[in-house]
Amino acid sequence: TLVSVGYANGKIGTIQPIAEIGEICRRAGVLFHTDAIQAAAHLDLDVDSLQIDLLSLASHKLEGPKGSGALFVRQGTALLPQQQGGSQERQRRAGTEDVASVVGLAEALRLAQGDADLRDAEHARQRALSATLFTALGTLGGGERSGHPRERVGGIASWLFDDLNGDDLVASADLDGLAVSTGSACTSGSTEPSHVLLAVGLTPDQARGSLRISLGRTTTAEEVATAVAILERCVGRLREATPTPVTREDRLPAPAGA
């Protein structure tokens, strides 16, 4: 009936092969929806070349008003209304429209997608900044980048620490004025490890060591350098405060005569 695939993952930034999936769905006669919220500021949204029937996006990821979004519906695609009442939105979504937010979303989308060359240049700049973050975090040891090494959006830098708890690192960084997270805002407050990281094959303990850093159009190289310095301090503090793990051999009694 319907295939729905996120264009870019909000946790680790991995970009999915949307055009190829769209081609498969078109040949099979199946409707194709993509959640393009994380991709809208960075990637092409040509619904014809991507062969998309439905595409959703949110304004805040484009630096527009929070709480507003849009759904592209290809002509001829039947939708069952989920909110009954008035005839707004062509009888698909009842309720008075928030006109100011709609206008803000449209302008934010125009600025992000109006010039493909500028969009691609900005995306390349953010990818370079996230690469700088990855390089710096790699020097701390005991960790690795998560997500696809090449097919990823530049606005999300996701890292896994082998020996630290992500929540502890988030709290420590917050005290030093750096806002980072262990996952997307959709799962903030959850004590469970990220379902995304579990789905890509990590254990719950590995997933709990995740750190997610967001970058945007206004992020500068100087801010990235500051973030790196703060994270170096925080990682050092946490590692100093963490007792050395007791191994199985340490717990075994010493052999007689030792």
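Reader: What lies over the face of phenylalanine 134?

Author: Keep in mind that this is a predicted model. Over that face you'll find arginine 145, at 5.1 Å from the ring centre. The distance cut-off for a charge over a ring is within 6 Å, and 5.1 Å meets it.

Reader: Why is glutamine 51 called buried?

Author: Its relative accessible area is 16%. Buried means under 20%, so glutamine 51 gets the label.

Reader: And where is glutamine 51 in the chain?

Author: It's in the loop between strand S2 (31-35) and strand S3 (54-58). Setting aside neighbours within four places in sequence, glutamine 51 is in contact with Gly22, Glu23, Arg26 and Phe32.

Reader: On to helix H5: which of its residues are buried?

Author: In H5 (residues 166-175) they are Gly166, Leu169, Ser172 and Ala173. Seen down the helix axis, these buried residues fall within an arc of 125 degrees, so they line one face of H5. What covers them includes strand S6 (156-161), strand S7 (210-214) and helix H8 (221-241).

Reader: Which exposed residues does the face turned away carry?

Author: Asp174 and Leu175.

Reader: What makes asparagine 165 a cap for H5?

Author: A side-chain oxygen of asparagine 165 lies 2.8 Å from the backbone nitrogen of aspartate 167, at the N-terminal end of H5. A polar contact needs such atoms within 3.5 Å, so 2.8 Å passes.

Reader: What follows H5?

Author: Glycine 177, with a positive phi near 90 degrees.

Conventions:
Residues numbered from 1 in each chain as written. Predicted model: local features only at pLDDT ≥ 70, side-chain atom pairs only at ≥ 80, totals over all residues. Heavy atoms only, no water. Helix = DSSP H or I, 4+ residues; strand = E, 2+ residues; numbered from the N terminus. Buried < 20%, exposed > 50% of the residue type's maximum accessible area, 1.4 Å probe, protein only. Contact = heavy atoms within 4.5 Å. Arc of directions from axis to C-beta. Polar contact = N/O pair within 3.5 Å; in protein donor to acceptor, adjacent residues only side chain to side chain. Lys NZ or Arg CZ within 6 Å of the ring centre and 35° of its normal.
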